[in-house]
Amino acid sequence: RNSSDLTSTLSDRGVLDFKVSISTDLNMIFIGDSIASQLSQAFDATVLEPHYDYNSNSVKRHFHNSQHFPEVAHICVTESAPIRGGGVSAYMRHNLMISSSSMKRRGVCGHGSKLWGLDVVDSLLDYQYQHPVSKQQHRYKSDNQSDEEELSHRSTRVGRFNAAILKIPALGWIKDINSVTKEAIIEEIDLVGKYFGVETVIISTLTFSNNVKTLDDWEGIQKVNEMIRQIAKSWEFSPTKGISVRLILVQELANFTNQLIWTNAKHMGYDVDLDFSINGWDGMKASFLLDRFERVSKYFWPPSIPMVCSKRPNVTNVRSCVQNKISPDGGHWCTPTLGPRYSASIACLLGCVYNGESGYLLGVVDTFKIVNKSVRVCEDECNQRFMSLVPVDDEWIDDGATLYSRSSP
């Protein structure tokens, strides 16, 4: 309604103006807060056919926040199956870090819930869906049987997930950024591996939001992001120690969203540098992030002006903001703008692990260090290609290229 086109730089061909189609037979679970829900739905849009009824077929649990916005339905659990390629895409909402202390037999689907339930996990794993069986799989066919009759379906149980995409909850749910420790992150990884059966974990780096109230908060987020990177690099697969997760990859979501905010801020006239090659660039001259509207609601901290507006408003009234198609509220993201790059990066990262012939895919443990090194190179390329503002190659867009990740060589 009150929005503007993206800045000229963000409107350049191949930066944000493309759509993505993904095909995979992997079973994937997205876990996190409402922002993770948004992003998982953006991913689902790339793996579901246009005629798919998402609300009827995928949303399994939701709740209404009767105190604040009773008319809005918030999603707790989704599961889409089969997606394009035959895999599964699911989402489980959890507002805090997954831990043993917050695990219960039955979870609670509600605003601010701090618990996660094994009943939800079981329902995701036990989900039965109709998997199409191609005509080549039919052993008998009468001469007068039509092509349409050759395609049948078999009931398939999800059973386990190949990969989990984790988003550490934003500040707001996390009251103190210092509570996000190495031990807490590793515990979440171990529990997701144990209960969902995943062997690959992707962790998204933490992004800026309206709940970052001070530069100390922002510095704390950057420290957590570096912690995530170090955990991924140093991870050692050890089945004898009960560790089922083989590989951890980092999705540099913060790098991408920061580049968006910084570029928009420059367009608005803020004093920022756009040399994204400098180490620690997102910690330099970052005080502009705290340029905010006056507080207009007791429920939400006011958003950062360069995160939500396309032009600097003349007054501090939020109604004077012409929105920028990056963030609607300073906490969530405009998924039509960010969704394609987010989804492409997930597919690319999964492709680092599951595409091609490698010792890891064949389960040869003694080649793990070699595979881990090659995966890191691939991970870096995926992040540089998609979690940045580097334009996507024209031939990819023109040819309608499909990114593909598979669960077996």
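Modeller: In this predicted model, Gln38, Leu39, Ala42, Phe43 and Thr46 of helix H1 meet Thr335, Gly339, Tyr342, Ser343 and Ile346 of helix H9. Sorted by class, the contact of H1 with H9 has five nonpolar, five polar and no charged residues.

Biologist: Why are H1 and H9 called roughly perpendicular to each other?

Modeller: The axes of H1, residues 34-47, and H9, residues 335-354, come within 8 Å and cross at roughly 75°. Angles of 65 to 115 degrees count as roughly perpendicular, and H1 and H9 are therefore given that description.

Biologist: What makes Leu289 count as buried?

Modeller: The relative accessibility of Leu289 is 1%, and the word buried is used for values under 20%, so Leu289 counts as buried. Leu289 is placed in the loop between helix H7 (253-268) and helix H8 (305-308).

Biologist: Which residues does Leu289 touch, leaving aside those up to four places away in sequence?

Modeller: Leu289 touches Phe208, Trp218, Ile261, Trp262 and Ser304, where a contact requires heavy atoms within 4.5 Å. The C-alpha atom of Leu289 is also separated by 6.9 Å from that of Pro306, which is 17 residues apart from Leu289 along the chain.

Biologist: How many aromatic pairs does a search of the whole structure find, and what makes the one formed by Phe208 and Trp218 edge-to-face?

Modeller: The search finds nine aromatic pairs. In the one formed by Phe208 and Trp218, the rings are 5.5 Å apart centre to centre, with 85° between the planes. Phe208 lies in the loop between strand E11 (200-204) and helix H6 (215-234), while Trp218 lies in helix H6, 10 residues apart. Phe208 and Trp218 are both buried.

Biologist: Which residues do ring pairs link into a cluster?

Modeller: The cluster consists of Trp262, Tyr270, Phe276, Trp281 and Phe288, and Trp262 is also one of the residues that Leu289 touches.

Biologist: And what can be said of the protein chain as a whole?

Modeller: The protein chain has 11 helices and 13 strands, and buried residues make up 51% of its 409 residues. Of the contacts with a separation of 6 or more, 69% come from residues 24 or more positions apart. The protein chain exposes about 19,500 Å², and carbon and sulfur atoms supply 50% of that area.

Key:
Residues are numbered from 1 along each chain as its sequence is written. This is a predicted model: local features need pLDDT of at least 70, side-chain atom pairs count only at pLDDT 80 or more; totals for chains, interfaces and linings use all residues. Side-chain values use heavy atoms; hydrogens and water are left out. Helices (H or I, at least four residues) and strands (E, at least two) are DSSP runs, numbered from the N terminus. Buried means under 20% relative accessible area, exposed over 50%, partly exposed in between (1.4 Å probe, protein chains only). Axes are lines fitted to C-alpha atoms, for helices over the stretch in contact, and angles run from 0 to 180 degrees between N-to-C directions. Angles under 35 degrees count as roughly parallel, over 145 as roughly antiparallel, 65 to 115 as roughly perpendicular and the rest as oblique. Ala, Val, Leu, Ile, Met, Phe, Trp, Tyr, Cys and Pro count as nonpolar, Asp, Glu, Lys and Arg as charged, and the others, Gly among them, as polar. Accessible areas come from the Shrake-Rupley method with a 1.4 Å probe; for residues, only the protein chains shown count as cover. Rings of Phe, Tyr and Trp (its six-membered ring) pair if their centres lie within 6.5 Å; planes under 30 degrees apart count as stacked, over 60 as edge-to-face and the rest as tilted.
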